Every structure is written in C-alpha cells, then in structure tokens.
Amino acid sequence: MEKKIGYSDANRKYYGSALCWWLTVSVVAILVVAAGVFTIFINFHRLSHSPQPSNIVPKYASSFQLALQFFDVQKSGKLKNNRVWWRGDSGLRDGSEENLDLSKGLYDAGDLVKFGFPMAFTATVLSWAILEYGHNMDAVKQLDYAVDSLKWITDYLVNAHPFAEVLYIQVGDPEVDHNCWERPENMTEKRPLTQVNSSYPGTEVAAETAAALASASLVFKEINLTYSQILLEHAQQLFIFADTYKVSYSVSIPQVGKYYNSSGYEDELLWASTWLYHATKDPSYLNYVTEKNKNEFGSLGSGSWFSWDDKHAATQVLLSRLNFFGAGDVPDTENLDLQKYRETAEILMCKFLPDSPTATTNRTKSGLIWVVPWNSLQHSVASAFLAVIYSDYMFTSQTENLYCSGKMYKPVDLRKFAISQVDYVLGENPMNMSFLVGHGSEYPKYIHHRGSSIPVDAKTGCRDGFKWYDSPDPNPNVAFGAIVGGPFFNETYNDFRNNSMQAEPTTYSNALLVGLLSGLVASSSVVSSF
C-alpha cells in the first residue's frame, strides 16, 4: 500500500505560493524564448522581405545550392555541422604566434593559404547577394547556409584586425605552400602571418576588408545587432586606416604581388565608402564618392571589368541603386554625381548586350564574356551578376528602357544576357560540359585542389603528397560546387590537375556565381533599400 503524506495548511500555502512563483517564472521564460525565436524568424524574414518568388527555376535552384557547398569545402578551423565528409578540422593554430585566433576563414583556392584581399572580396560579394536576393535564397531553403558561410569569413576578418591600424592579410607562406601537396588536415609547416600597418600600409586590402565588414553589418543588423555593430566599428576603423595611408599593399609588401598584385586602390576606397554609406547613411561617406573623389577615383565615363582586383564597375552599379530608388536628403550636386555613376554603369550594360551598337568584342564565338586566360570565368560570371542586378533595379523601379547609342533595350534583355553566361557555365557550350563540379554528368574530374585530390586515409606529408598530384586517376573526393577557372578563348578545356590556369577553383569566383544564381533562381523584385 502506498503511504499517504499529509501537509499542514501552512505548508499548503507555502508550496502553493512557490508553485505559483515557478509557474510565473516558467511562463516568462517561455515567453522570452518564444520572443527570441520570433525575433530571429522576423529578422530572417526581413532579409527576405521582398515578395516571395513562386516561379522557381529548378536548374538554377539546384546549381545555387551546389555552388554554396564549395564554401564548406574551403573552410579552415574547427568545423561545425560539417557537410563535406572528406573535410576535417585544420589550421587550428593559425594566428597563435601573435595570440590571435585566425583559425576560421577560407582557403583561397586549390592551395592552403589564406589571402585576405580576395577573401574579403568573397565576403563583400556574398553579402551583396544576400542583401539583394535573400528572399530567393530563403525560397529554396539556402539562406541560412549563405549567412553561415559569410559569418565564417567575417569572424576571421574581425580577429585579423586587432588594432585600428593593424590588419593581418595573409596566413601561410605561398612559396612553402606551393611546394607542398597535402591535405589541410595534415599540415605541419609553419604558417607565418603577414600584416599591413601604419609603417607598411595596404590601402586596397584594408578598404576591401572595410567593404566586407560594412556590407556584412547590413546582413546581420536584423539577425544579431551586437555582432552587426562590431562589424561596422571595424569597418569604419579600417576605412580611416585605408584612407589615411594611401599606399598600395603591393608596394609596401612586394612579395604579395606574385599572387594577388593590385592594380590600384582607388576603386576599393570608393567601394568601401559606398558600402559604409549604405550601412550608416552618414552623408560624409556619400560625399566621399561624389563631390570629393568622383573625378580622381570614379573612372566615370568608361567601363571596366568587375573582379577581385577592380571594383569600379560594381561601385557604379551599387551607386546606381541610390539613383534608381532615391537616397533621401541628398544635395542636388551629389544627385547629379550619382546620375553620372549610373550613366557609367549603363555604358557597361551596353557592352554586355551582344547586339548592342557598343557591344564588347571580349567574347568567344559562342558568346561567353572572355577577358584573360587565367581564371577566365571570373569575368563572365561577374559581368552576368552585375547585369542581373541592374536588370532588377530597372524592373523594381519601373524603369522600362535602357538606351545604347540610340538602340532601346528592356530589363529582360540584360537578364537574357546573364542567363546566356550562366547556361554556358552549366554546360550549354561547344564542349558540352559543366564548369561547375557536380552539375550534370560531364564536369571536370581532375581539378587543381589538394584536399580533393588526396584520399582521406593517405599517409602523406608535404613532398610525398605530389604522387597524388601526378596521379592519372580522377580526384577521389569530389569538391561539389567548385567553379573551375574556365575555357580558353578558342573554347577548349584541358582537364588536367597540373593545369592550374583552367582547372583551379577559387572562392571569389564561387561568390560571384552564388550571387548570379541567387538572382536567377526566380524572377522577383529587389528591395528598395538595405
């Protein structure tokens, strides 16, 4: 028989009061948690607050999902929710010699160096894509992956900026790294750090990092306000640093020129200031790109090719956004300057259109934009990314026409151009092969990539790993989502591991492809302001 336990009236009152107290606390806790979840939901909704697309294009949705995976392939550090079975933790001691945690970030390409300049560019482009097309990403359930990849980079960039006038721009020695062929998980070589500072400045790399953190601050503003403010503070400090000491990092640190030599820093200063204006609405940043520096830095009236090295074209398109949708209380003189930036962007759009009177001749017989043999698809994809953004600016602002030397075009014409470029990448080309690894049945099998080419259980180090570099067998680990360098002008591709010119993927080309595909996943308007 169960023993009954009795309570006095006093005990009943005590326990009754305690129960009420605990119930109250529990209800409050549940409400707080619910409010937090609701806030996160609302904030992600704000990233996707354009009308949700219903006309999803399956080919582009699957390709977009695939391209995002390459960021997971390239991650350094202690991996969380790892989606790549053949990758593991690596670079865990990066930065430790200076008591910094530089373990995160992305390996640049097929090698194992962290180059800060192109990595920051990758973050800026990824932020831009999320801001413009977060609603499309959300519609195909990829927004959280895109934001996670972005934060993996920005966490690194914040840690790489320990003082206002110090920025670590490289982890690893490229000369040592390129004489090794090993998995990142097995690295044992020393990984020295390279920095820019007031004695050895690097305007373009500091400004590009400022652009990356300013644009990312907009992404995280509605997700994690504290983190967003941290990003913005670093961005503003880095911009001051970049603008105060105007010296190219290729001059201060000549050895960087062998890998990512800069053609100039003027474009990065404009690019960073434009993103800082979007992030802060501080009129001084807009004045910097208009009245103060448009003539010296703006490259007005002439089109250029968007790449990790040259952001003039992207800056012109991004400033066109302000002209399309309005920039609030902007002086007339600055509005006129914004119009000039838009006119310059339109020169570039007219170059893209194949039947325009001013169409560029930098394209293959099949219509692919082609500028240089090394990593040729970067310019094709970057051009298409800008075209689809500009097309959507026109569509959303109800701007019906674009005039190219008197010939009229519609927003859909720019979109058709963008589609022609991405379809070429995905296999509609004379080679009948996809340049996106894992898409379709025919794609590169011998990409120039250490981790992809070496079996997970291989017991090889720095030098003896080259037996996998020389192996006649396809890469044992498929680097899903990698976009390789691309074809030659004669539209041929040599699928050899030692062909780094054509067969090496890069994170920055992937960021551009992710941006392009996110815009083509569906037809929809863009937001009028970030």
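Phe 117 is buried, with a relative accessible area of 1% (buried means under 20%, exposed over 50%, partly exposed in between, using a 1.4 Å probe and protein chains only). This is a predicted model, where local features need pLDDT of at least 70, side-chain atom pairs count only at pLDDT 80 or more, and totals for chains, interfaces and linings use all residues. Residues are numbered from 1 along each chain as its sequence is written, and side-chain values use heavy atoms, leaving out hydrogens and water.

A search of the whole structure turns up 29 aromatic pairs. To pair, rings of Phe, Tyr and Trp (its six-membered ring) need centres within 6.5 Å; planes under 30 degrees apart count as stacked, over 60 as edge-to-face and the rest as tilted. Phe 117 and Trp 308 have ring centres 5.7 Å apart and planes at 85 degrees, so they go down as edge-to-face. That pair ties together distant parts of the chain: Phe 117 belongs to helix α3 (residues 116-139), while Trp 308 sits in the loop between α12 (294-297) and α13 (312-325), 191 residues apart. The helices here are DSSP runs (H or I, at least four residues), numbered from the N terminus.

Tyr 260 is buried, at 7% relative accessible area.

## The largest pocket

The largest pocket has a volume of about 580 Å³. On a 1 Å grid over the protein atoms alone, a pocket is an open set of points with protein on both sides within 12 Å along at least five of seven lines, a cavity is a set where a 1.4 Å probe fits but cannot get out, and lining residues have an atom within 4 Å of a point. Points are joined across faces, edges and corners, and a volume is the space filled by probe spheres set on them.

Of the 27 lining residues, Tyr 259, Tyr 260, Trp 374, Glu 504 and Tyr 508 are the closest to the centre. Helix α9 gives the largest share, 3 residues. By class, the lining has 12 nonpolar, 10 polar and 5 charged residues (Ala, Val, Leu, Ile, Met, Phe, Trp, Tyr, Cys and Pro are nonpolar, Asp, Glu, Lys and Arg charged, and the others, Gly among them, polar).

The largest cavity comes in at about 100 Å³, and its lining includes Glu 189, Lys 190 and Arg 191. That lining has 4 nonpolar, 1 polar and 7 charged residues.

Terms used:
Helix = DSSP H or I, 4+ residues; strand = E, 2+ residues; numbered from the N terminus.
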